[in-house]
Amino acid sequence: MSKFFFEHDSLKQVAAISWLLLILLVVFFAFKTPPTIDSNIMALLPLSEQQPIVQKATTTITENFSKRLILVLSGNDEQQLHTEVEALANHLQQMPDIAEVEWKITPQDRDRAQQERYPYRFMLLDKYSREQLLSADFDALYHRALMQLYNPISVGKKALIEDPFGLSNAISTNQHQSAILVIDSLLKIKNLQQPSYLLLVTLAADPFLSTLQTNVLTMLDDRQSILTQLDIDLTMSGMLLHAAAGERQAKHEISTIGLSSLLAILLIMLWVFRQFKPLLLLLFPILIGCLSATAITILVFDRIHLVTLAFGAGLVGVSVDYALHFLCERHLSPAKTVLKKIMPGLILGLFSSVMAYAVQIVAPFPGLQQMAVFSVVGLSASWLTVVLWFPLLTNTFNARPLLATQTLDRLRQSFPRAEHSPLLLGALIIAVMFSLSILWSGNSVDDIRLLQTSPANLLAEDKKIQTALGGNNSAQFLLVSADDLEQCLQKEEQITKRLDTLQAEGILDGYQALSQALPSLNRQAENVKLVQQLYDQQLSAFYHHLKLSKNSVTTAQQHFKQSTSTLLSPDVWQQQYASKAWQNFIVPPTANTAATMIRFTGILNDKAKQALASLADDHVGILYIDRIDTISKLMSKYRIEGIDLVLKAYLCVWLILFFRYKSQVWRIILPPLLASIFTLSILMTLEQGVNLFHWLALILVLGIGLDMGIFLTETKESAYTWLAVSLSSLTSILAFGLLSLSDTPVLHHFGLTVLLGLIFVWLLAPMMRKVPT
């Protein structure tokens, strides 16, 4: 079959044209609608392996956090600020990319919330009132009620018969004790020097969508220009800003890394071949490989990550390998016979490289799976393009002697050979032992925070706003689960005393729990009994002091009994306007399980984390969730699996190549193996540890290193083959070396590992060859 294919030009032409048409068809289907480009670095990571309710809680808090955009307008002219806050809110509300803008609380809103709470004033006690009742300090509440009555500017007074001790007013006052004041219906931040007003924006979609980023940030940039002229500062905080910064960075790196590596490759090839036609021939399989890889990745994953594109730009140096071998052999043989000579090496080279890249597909990291598909498809498409098109395109190719061939070959011949150089062999053994000792005593780095970088100005604005607002910590929380929401509230109330103690000791800055806004039915019934004791102890004396009749006592007791006949159930509360601000504390229920979250303000130190973990261990149905720690532990687990993948890849390659090369297989395997050991030891020293992505990058070192060994062996170490593998290594070193300069940590880890690994492979490969005769 293969002989028939090699000897019939018409069949080769049909196959080549069919292949090109197939590529065009795939590209058409992939790009017929604008592709979704993902810039979320967290999308590269695996899904949590925790129980469903924990995953739901994490998803809930992540979505709420990611879709929230905080805007703060600051200036000295209060009236001007009021005008611009309203103008900005109106602009945002008109945008389809914005789901909601919270920027004012009208008197009608406050009245509505108070009217909803009023029927339950004896169940929803504020913290101070409940503490006084529990300690039987009824006199304190008696005197507070008198002060409220004699206060000329007091608000929210109810009839003395319905609420003689002003418990409803106390609840309303407690509800508004926060970092925000309501001034002329606007939300004014208390803890900033300049007058500052708040807008809370909720996005309608994922902040990592490019179109949403463009629309929202363009409008905000336009408004910021206007505000600057009015001496008003606009400060912003939100995932949208970090996502946009990450996308700009990734796009910049794609263009600089991809174009720089391509330009460097072109200059090198022009210097080596001294003709433009080889340059065009080399670009052809690269173009086909990149197009087909991008198209298939989009079709398989429905989107493509920017990191995948940037990583794919680095594969330019790898995909050019097959074309180089063809062109170098073409200088020795006619076009019709080149493929016959190099086909075994091409097949083994493709197979080993594809297998090395494909190992990443089984890794549970969506980002790595994308990179693996991109790499496998891109290399396979480049390989097929060389096999099908190059025999046709090089028929009239005027092969000229390559001056670089002899120069490189002389350099190769000067390399010492390990099997006949005891000094070199001893040096290698010492180097390996020294490297292994570094690896044995070194550290692993699994902290997920090392994988993300944001501009310093964005982090500074985030910190400023969160400090002023006393914002919630979204990374750590307590998850309270039970059969229904009522039981969750009861469990929250069981642990709030411990939390209050931790706050009093300065271990916690503060916390927010749903039970602070909605007490459990048991707590509400207990509050009713406490208020009844207050009535029994103080009501008669209070009315006597106010010179009210004894009938007023009876009437007030009747009103109390009527008002406490129905408790506030969770279902009724969730339909109220006042519950809106607390909905984010409720986890969407799973089958037969409800859950709530207790969230914390400020940054938790190790002592606070240990205290919360201990509290959770002491109570059934309470879990301490640390999202950063959970993902870091997951990365640690998969780093271990990544090591296992690398070892399995070496074992599989050794078994496959052993059947062809028998006792000489070590000459092919040993260079990438030693290069990997040396590279890891250097990375351990330079980067204070290695992580999962360093290990997975070693699979690329294995794939490229195998190509070098296989082709040198198949062509009996031809000078032109050494030129081809050297150029291939050089282009890969350039491509991945540029990746090592990336500010995206994943790409930096991959790039630096492959850069060092390939340098070592190129140096070690000649040392493992036979002594020249």
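**View 1. Asp-233 in strand β7 of a predicted model.** Asp-233 belongs to strand β7, residues 233–238. Strands (E, at least two residues) and helices (H or I, at least four) are DSSP runs, numbered from the N terminus. This is a predicted model: local features need pLDDT of at least 70, side-chain atom pairs count only at pLDDT 80 or more, and totals for chains, interfaces and linings use all residues. Residues are numbered from 1 along each chain as its sequence is written, and side-chain values use heavy atoms, with hydrogens and water left out.

View 2. Asp-233 counts as partly exposed because its relative accessibility is 45% (buried is under 20% relative accessible area, exposed over 50%, partly exposed in between; 1.4 Å probe, protein chains only). Beyond its neighbours within four places in sequence, Asp-233 is in contact (heavy atoms within 4.5 Å) with Val-72, Leu-73, Ser-74 and Gln-194. Pro-107 lies 126 residues from Asp-233 in sequence and 28 Å away in space, C-alpha to C-alpha.

**View 3. Helix α11 and its end.** Helix α11 spans residues 277–301, 25 residues in total. From first C-alpha to last it reaches 36 Å, close to the 36 Å expected at 1.5 Å a residue; the expected span is 1.5 Å times one less than the number of residues. Asp-302 follows α11, with a positive phi near 70°.

**View 4. Ser-292 within α11.** Ser-292 sits in helix α11. Ser-292 is buried because its relative accessible area is 5%. Leaving aside neighbours within four places in sequence, Ser-292 is in contact with Ile-23, Val-377 and Ala-381.
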